[in-house]
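Subject: Structure for you to look at

Hello,

Here is the structure I promised to pass on. Please open it alongside this note; my findings follow below.

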Amino acid sequence: MATPHNEAKEGSIAKTVLMPGDPLRARYIAQTYLKDPVQFNSVRGMLGFTGTYKDTRVSVMGSGMGMPSIGIYSYELYKFYGVENIIRIGSAGAYCDALDVMDIALADSAWSESTFAMAQAGVSGDIQYPSESLNQVIEEAAGRLGLSVVKCRVHSSDVFYHEDHVDGYKEFNEKHGCACVEMESYALFHNAKILNRRAACLLTISDSFVNHKELSAKERETSFDDMMRIALEAACDCC
């Protein structure tokens, strides 16, 4: 079955989908880690692939930037393609010195100023939560690989560029307990909750508002291998 945003045929998408924001990162993951990957979507350039990892069928698909975009793609995957688990794998900016560039964060909640949940389903509240069971699977996978993840609240922001007179990273950290910022997980967690599916969010810190370190665009596309390995290992445990 096709949707306005996904040309995948029925059965061509696995039950577990890894979802980076960048479709080029999705292609990199498929080409680097999956055996015999097959592309199932190219509509609007939002590439999606299905292959196998350690004999487990896994899909990877870009989400685009921001909550409206991941809101569309994740909803369709859950609702129309029978996807049960989505693990967002993305980049984030650190709001505190507890996180440094290349650290891996696992969201235990997402705070947002967004109205996504209210507009989509009449749900109030500025915090959304991932699946506890899927987070546990991810933590166990990281442990087997000898890799560390930092569980923390993330800020799912609607805005990339803030003007100077509004709250900035210090206020988001101090007022709302956010350790880092990205732009998608609040909507993903909401969709998973209303559709009775599972969602989680792994983030590699790509830049820091505190120490001003940052990765290049190319490094963001190809250098998040530890996070990808954790997500792939977790996908094997979701079967």
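This is a predicted model: local features need pLDDT of at least 70, side-chain atom pairs count only at pLDDT 80 or more; totals for chains, interfaces and linings use all residues.

**Aromatic pairs**

Phe160 is exposed, at 57% relative accessible area.

Across the whole structure, a search gives seven aromatic pairs. In one of them, the ring centres of Trp111 and Phe172 are 5.8 Å apart. Their planes stand at 45°, so this pair is tilted. Trp111 sits in strand β6 (residues 104-111) and Phe172 in helix α5 (residues 169-176). The pair thus joins distant parts of the chain, 61 residues apart. Both Trp111 and Phe172 are buried.

Phe160 and Tyr161 also pair, edge-to-face. Their centres are 4.8 Å apart, with 75° between the planes.

There is a cluster as well: ring pairs connect Tyr95, Trp111, Tyr169, Phe172 and Phe209.

**Helices α4 and α8**

Helix α4 spans residues 132-145 and helix α8 residues 225-237. Their axes come within 8 Å and cross at roughly 120°. That angle makes α4 oblique to α8. The crossing is right-handed.

On the α4 side, the contact is made by Val137, Ile138, Ala141, Ala142, Arg144 and Leu145. From α8 come Arg229, Ile230, Glu233, Ala234 and Asp237. By class, this contact between α4 and α8 holds seven nonpolar and four charged residues, and no polar ones.

Best wishes

Conventions:
Residues are numbered from 1 along each chain as its sequence is written. Side-chain values use heavy atoms; hydrogens and water are left out. Axes are lines fitted to C-alpha atoms, for helices over the stretch in contact, and angles run from 0 to 180 degrees between N-to-C directions. Helices (H or I, at least four residues) and strands (E, at least two) are DSSP runs, numbered from the N terminus. Angles under 35 degrees count as roughly parallel, over 145 as roughly antiparallel, 65 to 115 as roughly perpendicular and the rest as oblique. A crossing is left-handed if the near helix is turned anticlockwise from the far one by less than a right angle, and right-handed if clockwise. Contact means heavy atoms within 4.5 Å. Ala, Val, Leu, Ile, Met, Phe, Trp, Tyr, Cys and Pro count as nonpolar, Asp, Glu, Lys and Arg as charged, and the others, Gly among them, as polar. Rings of Phe, Tyr and Trp (its six-membered ring) pair if their centres lie within 6.5 Å; planes under 30 degrees apart count as stacked, over 60 as edge-to-face and the rest as tilted. Buried means under 20% relative accessible area, exposed over 50%, partly exposed in between (1.4 Å probe, protein chains only).
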